[in-house]
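Have it open while you read, and go point by point.

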Amino acid sequence: MDSAAEIRDSKRTKEYINMLSSVADSEYRIPTRCPCGGSIIHEVRGKDDYDTLPGKRFFTCKNYEADGFHYRQPWVIGVEEQIERLTKRLEEVEVVINWVPEVNNHIQRLEAEVDNLTGQVYNLSMQVEVLEKLCFD
């Protein structure tokens with residue numbers, strides 16, 4: 001094999017490995033689309049595979065092939081990851097909600113300070129008017 005062919009082959013191999021790692025890293029939560037662009041279907045393995053269970057559920061790419069470029073994620077794992085994500089978001093929202101009364105109190109204090117400053121500005125403008133009359137009349 002010549003050096004140009006080896007370089008092309010190594011580039012293709014590197015791209016293949018990068019794509020596999022990208023697909024593996026992106027399998028988190030409930031998938032909505034496969035990296036190949038295919039839609040995700042809800043697959044249930046038939047009852048023939050199990051004696052007592054109704055079947056194992058998967059989120060599967062409709063173009064699924066066992067080549068590593070398509071999703072086939074167990075339903076339980078996707079749902080658990082989604083619940084963990086939503087729980088984290090709920091905790092963040094709870095922190096914000098608990099902070100709202102403090103912000104409202106701060107806003108009320110600032111509004112009172114603005115009212116006070118508005119009164120002071122009015123008083124200063126009146127004093128300036130009096131001084132102008134004294135100086136220029």
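**Notes on the model**

1. Q82 sits in helix α2. Its C-alpha is 9.8 Å from that of P31, although 51 residues separate Q82 and P31 in sequence.

2. Some ground rules. This is a predicted model, where local features need pLDDT of at least 70 and side-chain atom pairs count only at pLDDT 80 or more, while totals for chains, interfaces and linings use all residues. Residues are numbered from 1 along each chain as its sequence is written, and side-chain values use heavy atoms, leaving out hydrogens and water.

3. How confident is the predictor? pLDDT is its confidence in each residue, from 0 to 100. The protein has a mean pLDDT of 81, with 84% of its residues at 70 or more. Helix α2 (residues 75-136) has the highest confidence, at a mean of 91, and helix α1 (residues 3-26) the lowest, at 75. Where pLDDT is low, the predicted coordinates should not be read in detail.

4. Now the layout. There are two helices and three strands, in the order α-β-β-β-α from the N terminus. These are DSSP runs numbered from the N terminus: helices are H or I with at least four residues, strands E with at least two.

5. What about α2 itself? Its 62 residues should span 92 Å at 1.5 Å a residue, and the end C-alpha atoms are 86 Å apart, so the two agree; the expected span is 1.5 Å times one less than the number of residues. Helix α2 bends by about 35 degrees at V100, with a proline, P101, following within four residues. That bend is the angle between axes fitted to the seven residues ending there and the seven starting there.

6. Which residues of α2 are buried? G78, V79, E81 and Q82 are. Their cover includes β2 (57-61) and β3 (72-74).

7. On to the strands. Strand β1 (residues 40-44) runs antiparallel to β2, with five bridges joining them, and V44 stands opposite R57 in β2. Strands β2 and β3 also run antiparallel, through three bridges, and F58 stands opposite P74 in β3. Strands count as paired if DSSP finds at least two bridges between them.

8. Strand β2 is mostly covered, with four of its five residues buried. Take T60, which lies in β2: it counts as buried because its relative accessibility is 4%. Leaving aside residues up to four places away in sequence, T60 touches S39, I40, I41, E43, Y71 and R72, where contact means heavy atoms within 4.5 Å.

9. Finally, the chain as a whole. Of the 137 residues, 13% count as buried. The protein exposes about 11200 Å², of which carbon and sulfur atoms supply 57%; accessible areas come from the Shrake-Rupley method with a 1.4 Å probe, and for residues only the protein chains shown count as cover. Among contacts with a separation of 6 or more, 43% are between residues 24 or more positions apart.

Notes
Buried < 20%, exposed > 50% of the residue type's maximum accessible area, 1.4 Å probe, protein only. pLDDT = per-residue confidence, 0-100.
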